[in-house]
Amino acid sequence: MRLKGKTALITGGAQGFGLGIAETFVREGARVAVLDINGDKAAEAAKAIGDKAIAVPCDVAKGDSVDKAVAQVLAAFGRLDIVVNNAGISHRNQPMLDVSEEEFDRVFAVNVKSIYLMAKATVPHFREHGGGVILNIGSTAGIRPRPGLTWYNGSKGAANLISKSMAVELAPDRIRVNAIAPVAGETPLLATFMGEDTPEKRAQFKATIPWGRLSTPQDMANAALFLCSDEAEMVTGSVLAVDGGRCI
Ligand SMILES: NC(=O)c1ccc[n+]([C@@H]2O[C@H](COP(=O)([O-])OP(=O)(O)OC[C@H]3O[C@@H](n4cnc5c(N)ncnc54)[C@H](O)[C@@H]3O)[C@@H](O)[C@H]2O)c1
């Protein structure tokens, strides 16, 4: 039990990578709050995970929603040790000039502003309680960008770099901040990245990954488990590529 006695909140925890992380954290002894804009799906996920999980509806792009959700988590658990900023979206794979201004704003609000809003809501609590752990889900998109995803790639580059900057600024408060950079993974978001989910597109994406397969929620959960556990006490400011060698 590598997270025994810990409490964690995981945004976008109703499906995909976030759900994999939530299941694994509970298996390793944590109590977990599944925050998601899809409240019904979050409730379903929490129910399936069991009585160590609660569901909290939250739009991570809105300050009042984040504040309310964090207050709910603190009321339920009494304290918070780990924040996983996982919720993220992308515009469909398309030429960069075809992405609308509204879509651009939404991608940056969900993928980048959310990290700022969550920090405002949780860092004071971590400071008061002697520390904490923040894990941001960045992307290989922010290290080795693919065409057709320019604005998404930029948002993930920001998430990767913000993680490092937060790490140096918050280290004196014993708050560790790391990021995971997943390669294309088996989640509902994959079709958006590929433009269309066809065997040819999948083969094309796979061909760029030396390890020879797409990533899975369990791959991300395994990396998240290490980075959020006390075993990683000396690890802060890292952007861990979980990518089968894609970024080399
Ligand atoms: N799947 C991939 O190939 C891949 C690769 C690299 C990085 N990532 C990143 O991993 C993270 C998880 O992606 P995924 O593939 O599991 O996606 P997903 O679409 O399967 O799941 C994302 C979850 O986030 C929730 N969500 C969306 N907007 C939200 C908001 N405003 N507030 C709260 N919740 C919201 C959704 O309801 C959903 O449950 C994202 O940050 C994504 O950018 C994914």
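**Pockets and cavity**

Q: How do the residues of the lining of the largest pocket divide by class?
A: The model is predicted; local features need pLDDT of at least 70, side-chain atom pairs count only at pLDDT 80 or more, and totals for chains, interfaces and linings use all residues. Residues are numbered from 1 along each chain as its sequence is written, and side-chain values use heavy atoms, without hydrogens and water. Ala, Val, Leu, Ile, Met, Phe, Trp, Tyr, Cys and Pro count as nonpolar, Asp, Glu, Lys and Arg as charged, and the others, Gly among them, as polar. The lining of the largest pocket has eight charged, 13 polar and 21 nonpolar residues.

Q: Which residues lie closest to the centre of the largest pocket?
A: On a 1 Å grid over the protein atoms alone, a pocket is an open set of points with protein on both sides within 12 Å along at least five of seven lines, a cavity is a set where a 1.4 Å probe fits but cannot get out, and lining residues have an atom within 4 Å of a point. The volume of the largest pocket is about 780 Å³. Of its 42 lining residues, the closest to the centre are Asn-86, Ala-87, Gly-88, Ile-89 and Leu-189.

Q: Which element gives the most to the lining of the largest cavity?
A: The largest cavity has a volume of about 60 Å³. Its lining includes Asn-111, Ser-114, Lys-156 and Ala-159. With three residues, the element that gives the most is helix 4 (a DSSP run of H or I, at least four residues).

Note on methods: Points joined across faces, edges and corners; volume = space filled by probe spheres on them. Helix = DSSP H or I, 4+ residues; strand = E, 2+ residues; numbered from the N terminus.
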